[in-house]
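Dear colleague,

Please find the structure below, together with its sequence.

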Amino acid sequence: MNFSVLFDDVVKDEYGTWSQICEYHAENSDILVLGKLENSPSENIICGYRGCKNNAGYYIDFYGKK
């Protein structure tokens, strides 16, 4: 599964490749194989999953992508 097809907001920086993700999508085992979840310290961030408008509660750091 390709994360760039599933996510419309992907960030590539010195920390790696990541996006933000809502609680609903964070529970999807197909998505969880793509990366490691970290709690989101910020509020009012929208989920990076394509088409989702939920508030994000986590960051997902994609495995093997820098």
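Which pattern does the protein chain follow when read along the sequence? The pattern is α-β-β-α-α-β-β, made up of 3 helices and 4 strands. Here, helices (H or I, at least four residues) and strands (E, at least two) are DSSP runs, numbered from the N terminus. The radius of gyration of the chain is 11 Å, close to the 11 Å that the globule rule gives for 66 residues, so the chain is as compact as a globular protein of that length. This radius is taken over C-alpha atoms, and the rule is 2.2 Å times the number of residues to the power 0.38.

Please note that this is a predicted model, in which local features need pLDDT of at least 70 and side-chain atom pairs count only at pLDDT 80 or more, while totals for chains, interfaces and linings use all residues. Residues are numbered from 1 along each chain as its sequence is written, and side-chain values use heavy atoms, with hydrogens and water left out.

**The chain as a whole**

Along its principal axes, the C-alpha trace spans about 25 × 25 × 20 Å. Of the 66 residues, 35% count as buried; buried means under 20% relative accessible area, exposed over 50%, and partly exposed in between (1.4 Å probe, protein chains only). Among contacts (heavy atoms within 4.5 Å) between residues at least 6 apart in sequence, 61% join residues at least 24 apart.

S40 lies in the loop between β3 (35–39) and β4 (56–62). Is S40 buried or exposed? S40 counts as buried because its relative accessibility is 15%. Leaving aside its neighbours within four places in sequence, S40 is in contact with I45, A56, G57, Y58 and Y59.

G64, in the segment after β4, counts as exposed, because its relative accessibility is 81%. The C-alpha atoms of G64 and V5 are separated by 17 Å, and these two residues are 59 residues apart along the chain.

**The salt bridge**

How many salt bridges does a search of the whole structure find? The search finds 1, where a salt bridge is a side-chain nitrogen of Lys or Arg within 4 Å of a carboxyl oxygen of Asp or Glu. E38 forms a salt bridge with K36, and their closest N and O atoms are 3.2 Å apart. E38 is partly exposed, with a relative accessible area of 32%; K36 also counts as partly exposed, at 46% relative accessibility.

Yours sincerely
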